[in-house]
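Me: I would like to learn how to read a few features of a model. Please start with a single side chain and then widen the view.

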Amino acid sequence: MAPISLKGVVLVGGPSVGTQFRPLSMGVPKPLFPIAGSPMIYHHINALAKVPGMKEILLIGFFEKEVFEGFLAQVQMEFNTISIRYLREYQSLGTGGGLYHFRDEIMRGNPDRFFVLNADIACSFPLDGMLAFDSQKNAVGILMGFKVERAQVSKYGCIVLNQETAEVLHFVEKPETVLSDVISCGVYLFNKDIFSVMGEAIESARAKALEDGVYDVTPVSDSRPSLLSSGAEERIRLEYDVLSTLATRKKLYCYVGVHGRDFWMQLKTGSSTIPANRLYLQHFKVNQPRRLSQLTPVSSTGSAPMTPAAGGLIQPVYIHPSAIVHPTARIGPNVSIGARCVIGRGVRVKDAIVLDNVEIKNDSCVLNSVLGWESRIGAWSRVEGAPGESLQLNATFKGLKVPSACILGRSVTVADEIAVRNCIVLPHKELKTSFHNEILM
């Protein structure tokens, strides 16, 4: 039996997406924001590249090509046996429209199957399990599902399954009533027949738009007319317009992730990066311990490494090799520290993401927080967010910031002996007094 030929697609969205992610997306495009020491979509590419038979990985989105040039050069060097490219949409086409527009690129080389991964998720990506599951089914599509608390179901796509066969009987995106506790994770496996279903969805949307009088016949260029109107009515969405049709035709099945072995969460807000960072680091601790920092922190003089205090690193922790950590600092668990950071004497960091070029002076404390690039935390200061994961998508409620992670944008300076609790601070602010439960513009 010939080995199966595969491709992977990562849907990265565009610059108009990610407003809930601010101020973190003001420093870097959301798909490239570092989580657990690597850009968000690196984890997707790493998982796809490990699947036997993977021939090519495509990023599809509406960002300018220059945005991903440096990142693509790096991952192409690391995964040099696989082609990795970015395909830019001529207009924002939605999750399904982008796939359909680039269907010839996806099917070039006649892959047997192709994975589709949403960029804004953190996941264990059980792709091998999905492939093995697919081999047992006569399916056009396999989607990854995950069980969540029933109170959360209305925020996601809800899947009603045949418990014996795992066939998807019903798929509803963000239902008003709870039909099942299994949700769609934005991880899919398709064969080429999915494009005929997408084509039907596009024709249906076009017919409806013509009937409503809103179809845009203006060509995108002299040589290529628009398939889709820029109107929201004609955007082809994989979840709304395609998966429901597949379920009706009994061609959609669900691979349900196993709690304890697999993990999944959505990355919509800046605060969601803290639990995502924790999930990835905890996953590495069990499955890829070499990705965690085991080395002794380096002395500030650049001479022989200093010996950290007993228990100075509480795993899981990722520290960039160029960062300088004082041996009396206590780091972890669930901490990522970026390049060229300086962590001073007696500092405590827990459940945090410290981005590149940050300095934390002596005896300060950082808990449940994201420290933006080039920020400075003074001595004896405290930056602290609320523990746990906020399920709120809005940053405020009745004029007050919802309890969640504390987020400092790029180049924020916190003076000595200052407390910043449960705040979002926009870039280039200098804080000389304490703040609590505020958004600092």
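Reply: Start with a polar contact, that is, a pair of N or O atoms within 3.5 Å; within protein, one must be able to donate a hydrogen and the other to accept it, and residues adjacent in sequence count only if both atoms are side-chain atoms. Here a polar atom of the Ser293 side chain lies 2.5 Å from the backbone nitrogen of Ile319. This is a predicted model, in which local features need pLDDT of at least 70, side-chain atom pairs count only at pLDDT 80 or more, and totals for chains, interfaces and linings use all residues. Residues are numbered from 1 along each chain as its sequence is written, and side-chain values use heavy atoms, with hydrogens and water left out.

Me: Where is Ser293 found?

Reply: Helices (H or I, at least four residues) and strands (E, at least two) are DSSP runs, numbered from the N terminus. Ser293 is in the loop between α8 (273-287) and β14 (317-319).

Me: Which residues is Ser293 in contact with, leaving aside its neighbours within four places in sequence?

Reply: Contact means heavy atoms within 4.5 Å. On that basis Ser293 is in contact with Leu313, Gln315, Val317, Tyr318 and Ile319, its neighbours within four places in sequence left aside.

Me: Why does Ser293 count as buried?

Reply: Buried means under 20% relative accessible area, exposed over 50%, partly exposed in between (1.4 Å probe, protein chains only). Ser293 counts as buried because its relative accessibility is 10%.

Me: How much of the chain counts as buried?

Reply: Of its 441 residues, 54% do.
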